[in-house]
Each structure stands twice: as structure tokens, then as C-alpha cells.
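Hi everyone, thanks for making time this morning. I'd like to walk you through one structure, so let me put it up on the screen.

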Amino acid sequence: MPATIVGHGTVRGTSHRDVIVLTGPSTVGATYCSAAYTVGTLDLLGNPANVSANTSISLSGAGSGAFYSDSSCSTPVTSITVQSGSASVQFYWKDASIESPVLQASATGFSSATLSVSSIAAPTKLVFSGETA
């Protein structure tokens, strides 16, 4: 089940969007590309809110790993863009080390959001045990 952590900001002038939410898998096998993480923009009531201009989201806290724009984890990125008229964008994470970093997404005029994740040892073999028929 994806973990969700929301960072809340303060109202700035006429802005009605100041919250970023970061959702995605909390556990990823080391050396594997994660399932998609989603960064979304919300209004002050917690509803998805489209941005009126392209909004750059900075990504940090990847630990020894890296962020990627594609599901094969072949195009590394340090930022992603929520396109004008949209309320979310996806990215991927891959880490060869076994560790538990805190991923962070932030943008000017918005609060930042964090998500604790773990890169765990991937299984190397499948063992069946029990009585034989």
C-alpha cells in the first residue's frame, strides 16, 4: 500500500494552491526501478488543483540512488514539471544500496512533501518447504 505524507504551507497572497503531496511505494527492492511516485498539487481543502503555469518540482533525498523520469530508470532527473493545466506528475527511484532515505519534493510557492522509503535486499532464490505428497 502506498504511503502518503503531505506537507502543508501557508497561504501566500492570492494563491489558492500551496500544498504538494508525494505518494508512492514505501519499499523498493535494491537495484530495481520503483513503481511510479506521484507529486500532486492540492488546494487548501486537499482537492487536486491544476497549476496555471508549468511548475518545476525539485527532487532530493534519493540517498545513494537517483530519480528517473521513465519506468525503466534510464533517464536520471533532479527535477520534474507539473504541466500547466495539470495537477500531478510522476517519477521513479532506483537505489543499489540497502538504505532508508527520505524523498523530498519541493517547489517555489508550495510547501514541500517528504516520503520515507526503504531500499531492501531483493530475494535471490525461492525455497519451498513442507511435506511432499
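I'll start with the aromatic rings, then move to the core around them, and finish with the strands.

One thing to keep in mind: this is a predicted model.

So, how many aromatic pairs does a search of the whole structure find? The answer is two. Since a pair of rings is described by the distance of the centres and the angle of the planes, I'll give you both values each time. Tyr 37 and Phe 91 are stacked, with 5.4 Å from centre to centre and 20° between the planes. Put together, the ring pairs join Tyr 37, Phe 67 and Phe 91 into a cluster.

Phe 91 has a relative accessibility of 1%, and Phe 67, at 5%, counts as buried because the cut-off is under 20%.

Now to the core. The largest nonpolar core holds 23 residues, and Tyr 37 turns up again here: together with Val 39 and Ile 57, it has the most contacts inside this core. Several strands supply at least two residues each, among them β2 (17-24), β4 (37-43) and β5 (55-60). The strand that gives the most is β9, with three residues.

β4 deserves a moment of its own. Six of its seven residues are buried, so β4 is largely enclosed by the rest of the structure. β4 also pairs with β9, antiparallel, over four bridges; Thr 38, for example, has Gln 90 in β9 as its bridge partner.

Last stop, the open sheet. Four strands make it up, in the order β8-β5-β10-β11, with antiparallel pairing. Why is one side of β8 and of β11 left without a neighbour in the sheet? Because both stand at the edges, each with a single partner strand. On average, neighbouring strands in this sheet are turned by 25° against each other, ignoring direction. Between β10 and β11 there are four bridges, and Val 102 has Ser 116 in β11 as its bridge partner.

That's my tour, and I'm happy to take questions.

Methods:
Residues numbered from 1 in each chain as written. Predicted model: local features only at pLDDT ≥ 70, side-chain atom pairs only at ≥ 80, totals over all residues. Heavy atoms only, no water. Core = buried A, V, L, I, M, F, W, Y, C linked by side-chain atoms within 4.5 Å. Buried < 20%, exposed > 50% of the residue type's maximum accessible area, 1.4 Å probe, protein only. Pairing = 2+ DSSP bridges. Axes fitted to C-alpha atoms, helices over the stretch in contact; angles between N-to-C directions. Phe/Tyr/Trp six-rings, centres within 6.5 Å; stacked < 30°, edge-to-face > 60°.
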